[in-house]
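Could you look over this model with me before we discuss it? My notes are set out as numbered points, to be read beside the coordinates.

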Amino acid sequence: RVERAEAAVRQILDDAAVVVRDLRVRDVGERASVELDAALLTGALSPGSPLADRLLDGVRRAGFPAAGLDPKGFRSGSMNEALG
């Protein structure tokens, strides 16, 4: 379902002509955390924007009951942060 969600996000962004360099959907149990270029989170994908809502709907259709945009944006090793 991660692969389906990432493919859905890429397609939605392509359709909206939004260029993304880094993208990752993280499986956090029954929730997906979507990490994108941080600069997009204050622009086209700001929380509550129509494009952000469409993107999260696509992730949920890919098999996640819940989904959210990570406010910190994409960063390698973010799953290690929970290990403390």
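1. Basis. This is a predicted model, in which local features need pLDDT of at least 70 and side-chain atom pairs count only at pLDDT 80 or more, while totals for chains, interfaces and linings use all residues. Residues are numbered from 1 along each chain as its sequence is written, and side-chain values use heavy atoms, with hydrogens and water left out.

2. Overall layout. The protein chain holds 2 helices and 3 strands, which follow the order α-β-β-α-β from the N terminus on; helices (H or I, at least four residues) and strands (E, at least two) are DSSP runs, numbered from the N terminus. Of its 84 residues, 43% count as buried, where buried means under 20% relative accessible area, exposed over 50%, and partly exposed in between (1.4 Å probe, protein chains only). Among the contacts with a separation of 6 or more, 57% come from residues 24 or more positions apart, a contact being heavy atoms within 4.5 Å.

3. Strand pairing. Strand β2 (residues 31-36) pairs with strand β3 (residues 66-69) in the parallel sense over 4 bridges, the criterion for pairing being at least two bridges found by DSSP. Within this pair, Ala32 stands opposite Ala67 in β3. Together with helix α2 (residues 50-61), the two strands make a right-handed β-α-β unit; right-handed here means that, with the strands pointing away from the viewer, the path from the first strand over the helix to the second runs clockwise.

4. Helix α1. Ala5, Glu6, Ala8, Val9, Ile12 and Leu13 are buried in α1, and they lie on the same side of the helix because they cover an arc of only 160° around the axis, as given by the directions from the axis to the C-beta atoms. These buried residues pack against β1, β2 and α2, whereas the face turned away from them carries the exposed residues Glu3, Arg4, Asp14 and Asp15. After the helix comes Ala17, with a positive phi near 60°.

5. Helix α2. In α2 the buried residues are Leu51, Ala52, Leu55, Leu56, Gly58 and Val59; down the axis they fall within an arc of 150°, so they line one face of the helix. What covers them includes α1, β2 and β3, while Pro50 and Arg61 are exposed on the other side. Gly63, which follows α2, has a positive phi near 125°.

6. Nonpolar core. The largest nonpolar core has 23 residues, and those with the most contacts inside it are Leu13, Val34, Leu36, Leu45, Leu55 and Val59; such a core is a set of buried Ala, Val, Leu, Ile, Met, Phe, Trp, Tyr and Cys residues joined through side-chain atoms within 4.5 Å. Its largest share, 5 residues, comes from α2. Leaving aside neighbours within four places in sequence, Leu13 is in contact with Val18, Val20, Leu36, Leu45, Leu51 and Leu55.
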